[in-house]
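Please look over the sequence and the structure below. A short report on selected residues comes after them.

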Amino acid sequence: MSASPAGRPRTRRRRGGSMPVLDLAMSIGERLLVSGMSANDVVVQMLRVTRAYGLSSVHVDLTYTSMGVTHHRGPTRRPLSMVRIVQPVVVDYSKAKEISRLLTRIEAGLSVEDARDAFDEIFWAPTPYPSWIALLGSGGIAAGVSLTFSTSWLLALIAFVTAAAAERLLRWLHARRVPPFFAQATVAGGMTMVAAGVHQLGQSGLALFEDMDPTLIVVGGIVMLLAGVMIVGAVQDAIDQFYVTASARLLEVVMRTGGIVAGILIAVRILEVWDVAFVIVNTPGSLAPLWAQFVGAGLISFSFAVYCFADLATALLTALVGLVGYGVYAALNDAGSTEVVANTMAALTVGALATLLVRGTDAPGFGMESGALLPLVPGLALLNGLLEMMGRDPDNPAIVAGGRSLFLALLVALGIAAGATLGTYLGRPVNDQLRRLRRRVKTVAESRYRPPV
């Protein structure tokens, strides 16, 4: 690095000025944002790119549907600004993992041109496995949810097939640009019809279906639609002071969840017209044995990672972190802790553990956290509150009960987001110390065993 006449170090310059650097940073940020990374972490990753290429005074502005980058180039030059609309794409954690490795290479000195070529190769690369395997992941989420409340493997199989078919229908509707509200309503209504069919089979005297709770089919499908995960993301952005992005995500939660409720209510009304007796029971009767709950939690986390095209190592790590988090939740629940406290401490454990694992494996930490937190998210509680407020709960139709359930769901979501965020902050210093220790040990080992010249 040479020195300027004023004695200050001269920053390394790249061909084409700052525009290629900003364009690369925006491309990386867009891909990470649509993959589910929090707005604060997206800004951090984008600034890693600009700093690596010597650009200072860079400002990043994010909303849920657009992003802007401005480079202030000094008092005598006009600032350079770029704006991009964020386009939704298929979530692919394997590509997020490769982008993480690319960021490390950029900080190690990779040129802008080579970095752009590497990113384009990542962007256009095919998914690590066929899309039908990801469909199996969506079915596994619903099957895992059913196992947390019931040990019926037949019910888990029905939930698996129903959720996989619902996901296929959802993709078909999205490909035809059906608005998410109506797509969610269609899928939720279809799952309700399937649950009513299983209920009728049980009422007709078939032994396989007599003791089955068909409401769990609907519950598994609702969790598969991931309304609860978006709540956690919205609260986490609010904690990080990205209020515009948090408001947009929260509004999307309201619209998507409203579509689910509308679809269920329409399906129930159709069943009433057909004289088919079927009632959505908001809260399942009891939890399954502890071993079944752990099997269900691990299956939920693993299946979510598969659904998002994670590689096998990342999926297994996600399941492991999910089991640890659910173990903390179950232990605190047995000790008499409240739902909010139990979920918060479980999320804190998940956030810290995922942060410690991500640096050594290059796995996407936000993806690992999302999958591990999925068994804890309050999607069912949110639906319960809405159904109660609309008077569909035969036992407690009062609007006050619905408001209480909604408030509890929001408190749980806030606790999960706060716990995960705090766990990430607590894990980073420990992770940095471990990384310095590994470098020191590697340096000592290389100097000690260096062969003679």
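## Basis of the model

This is a predicted model, in which local features need pLDDT of at least 70, side-chain atom pairs count only at pLDDT 80 or more, and totals for chains, interfaces and linings use all residues. Residues are numbered from 1 along each chain as its sequence is written, and side-chain values use heavy atoms, with hydrogens and water left out.

## Salt bridges in helices

The structure holds eleven salt bridges. A salt bridge here is a side-chain nitrogen of Lys or Arg within 4 Å of a carboxyl oxygen of Asp or Glu. Helices (H or I, at least four residues) and strands (E, at least two) are DSSP runs, numbered from the N terminus. Buried means under 20% relative accessible area, exposed means over 50%, and partly exposed lies in between (1.4 Å probe, protein chains only).

One of the bridges joins Asp120 and Arg116, with N to O at 3.2 Å. The two residues sit four apart in helix H4 (residues 112-124), so about one helical turn separates them. Asp120 is partly exposed, at a relative accessible area of 29%.

Arg171 pairs with Glu167 in another salt bridge, where the closest N and O atoms are 3.1 Å apart. Helix H6 (residues 153-175) holds both, four residues apart, so they are about one helical turn from each other. Arg171 is partly exposed, with a relative accessible area of 26%. Glu167 is buried, at 4% relative accessibility.

In helix H10 (residues 243-273), Arg256 and Glu252 are also four residues apart, about one helical turn. They form a salt bridge, and their closest N and O atoms are 2.7 Å apart. Are these two residues buried or exposed? Both Arg256 and Glu252 are buried.

## A salt-bridge network

Which residues are linked in a network of salt bridges? They are Asp23, Glu30, Arg84, Arg116 and Asp120. The bridge between Asp120 and Arg116 was described above.

## Two buried helix residues

Ser94 lies in helix H3 (residues 93-107). Its relative accessible area is 14%, so Ser94 is buried. Leaving out residues up to four places away in sequence, Ser94 touches Pro128, Phe309 and Ala310. Contact means heavy atoms within 4.5 Å.

Ala163 belongs to helix H6. Ala163 is buried, with a relative accessible area of 1%. With residues up to four places away in sequence not counted, Ala163 touches Ser138, Gly139, Ala142 and Met224. How far apart are the C-alpha atoms of Ala163 and Ala142? They are separated by 6.2 Å, while the residues are 21 apart along the chain.

## Positive phi in two loops

Ser57 has a phi near 55 degrees, a positive value in a residue other than glycine. Ser57 is in the loop between helix H2 (39-52) and strand E1 (58-62). At 45% relative accessibility, Ser57 is partly exposed.

Asp275 has a phi near 60 degrees, again positive in a residue other than glycine. The loop between H10 and helix H11 (290-307) contains Asp275. Asp275 is exposed, with a relative accessible area of 71%.
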